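Please examine the sequence and the structure shown below before reading on. The paragraphs after it are meant to be read with both in view.

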Amino acid sequence: MASSDRPEPLRLGSKAPNFKAETTAGPIDFHEWANGEWVVLFSHPEDYTPVCTTELGAFAKLEPEFTKRGVKLIGLSANTIESHGGWIKDINEIAGSELRFPIIGDKERQIALAFDMLDHQDATNVDEKGIAFTIRSVFIIDPKHIIRTILSYPASTGRNTAEVLRIVDSLQTGDKHRVTTPINWIPGDDVIVHPSVKSPEAEKLFPKMQVVKPYLRFTPLPKDQTSANV
């Protein structure tokens with residue numbers, strides 16, 4: 001595929017492309033299906049691959065935690081939905097899960113192309129037709145269809161579902177409270193007052209604020225005030 005045929009790369013802050021697709025839960029219009037909720041869209045290069053099998057089982061087990069936060073999960077793999085059906089049986093058997101979220105059938109890689117998920121790094125990572133396989137990406141998309149997080153993983157490294165959930169908590173909590181989250185933050189830890197919140201508003205909003213430097217102001221935020229309080 002010529003570089004001129006590729007769409008503009010998606011960035012943080014881009015609007016997630018809309019699309020219509022067949023899924024294991026029936027046909028969807030992506031933006032209509034999202035229905036004003038957060039979405040985690042994650043891709044897989046092919047069905048019946050070992051690392052992805054473990055990942056989908058883990059997402060299936062953690063889905064209730066995402067649902068409590070108003071987050072919908074949706075997978076994508078470059079095979080037909082008929083193939084997905086057999087793979088899901090294996091996933092549930094291996095993981096002891098009950099996978100409920102839809103998996104998109106993207107055999108022609110059209111959605112993968114729209115989301116810039118095709119492998120640019122490994123020219124040999126192609127199917128029998130020479131079409132580049134989908135890389136293993138994660139998109140966290142907010143209720144306005146804005147892409148808030150993009151993660152890409154090599155084929156050898158399984159994703160961390162707990163980290164995806166932690167990012168959701170950080171984004172949702174930050175949006176609500178006008179804060180940012182420091183290194184290794186988990187719900188219940190201190191947070192950082194957003195730089196856009198100036199004095200004296202900052203002192204009023206965060207009476208327990210600790211000023212370490214003018215640009216670094218910590219404040220307590222109990223877990224029950226975060227999106228993890230579900």
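Predicted model: local features only at pLDDT ≥ 70, side-chain atom pairs only at ≥ 80, totals over all residues.

Residues are numbered from 1 along each chain as its sequence is written, and side-chain values use heavy atoms, with hydrogens and water left out.

The protein chain holds six helices and eleven strands; helices (H or I, at least four residues) and strands (E, at least two) are DSSP runs, numbered from the N terminus. Its C-alpha trace spans about 60 × 45 × 35 Å along the principal axes. Of the 230 residues, 47% are buried, where buried means under 20% relative accessible area, exposed over 50%, and partly exposed in between (1.4 Å probe, protein chains only). The chain exposes about 12,000 Å², and carbon and sulfur atoms supply 53% of that area; accessible areas come from the Shrake-Rupley method with a 1.4 Å probe, and for residues only the protein chains shown count as cover. Among contacts between residues at least 6 apart in sequence, 65% join residues at least 24 apart, a contact being heavy atoms within 4.5 Å.

Helix H2 comprises 19 residues, 50-68, and reaches 29 Å from its first C-alpha to its last, close to the 27 Å expected at 1.5 Å a residue. The expected span of a helix is 1.5 Å times one less than its number of residues. H2 bends by about 50° at Leu 62, and Pro 64 follows within four residues; the bend at a residue is the angle between axes fitted to the seven residues ending there and the seven starting there. Just after H2, Gly 70 adopts a positive phi of about 75°. The buried residues of H2 include Cys 52, Leu 56, Phe 59 and Phe 66. Packing partners of the buried H2 residues are strands S3 (38-44), S4 (71-77), S5 (103-105) and S6 (136-141), together with helices H3 (81-95) and H5 (161-177).

Helix H5 has 17 residues, which should span 24 Å at 1.5 Å a residue, and its end C-alpha atoms are 24 Å apart, in agreement. Because twelve of those 17 residues are buried, H5 is largely enclosed by the rest of the structure. Val 164, Leu 165, Ile 167 and Val 168 are among the buried residues of H5. The buried residues of this helix pack against S3, H2, S4, S6, S7 and S8.

Strand S6 is mostly covered, with six of its six residues buried. Arg 136, Val 138 and Ile 140 lie on one side, and Ser 137, Phe 139 and Ile 141 on the other. Strand S6 is joined to S3 by four bridges, and the two strands run antiparallel; two strands pair if DSSP finds at least two bridges between them. Ile 141 in S6 is the bridge partner of Val 39. Six bridges join S6 to strand S7 (residues 147-153), again antiparallel, with Ser 137 opposite Ser 152 in S7. S6 and S7 form a hairpin with five residues between them, and His 145 in the turn has a positive phi of about 70°.

Which residues touch the most other members of the largest nonpolar core? They are Val 40, Phe 66, Phe 101 and Ile 140, in a core of 25 residues. At least two residues of this core come from each of S3, H2, S4, H3, S6, S7 and H5. Another core, of 22 residues, lies apart from it and has Phe 19, Val 39, Met 117 and Ile 147 among its members. A nonpolar core is a set of buried Ala, Val, Leu, Ile, Met, Phe, Trp, Tyr and Cys residues joined through side-chain atoms within 4.5 Å.

An open sheet of four strands has the order S8-S9-S11-S10, with antiparallel pairing. Strands S8 (179-180) and S10 (210-213) stand at its edges, each with a single partner strand, so one side of each is left without a neighbour in the sheet. S10 is joined by three bridges to S11 (residues 216-219), and Lys 213 stands opposite Leu 216 in S11.

Asn 184 sits in the loop between S8 and strand S9 (191-193). Is Asn 184 buried or exposed? Asn 184 counts as exposed because its relative accessibility is 63%. Leaving aside neighbours within four places in sequence, Asn 184 is in contact with Arg 166 and Asp 189.
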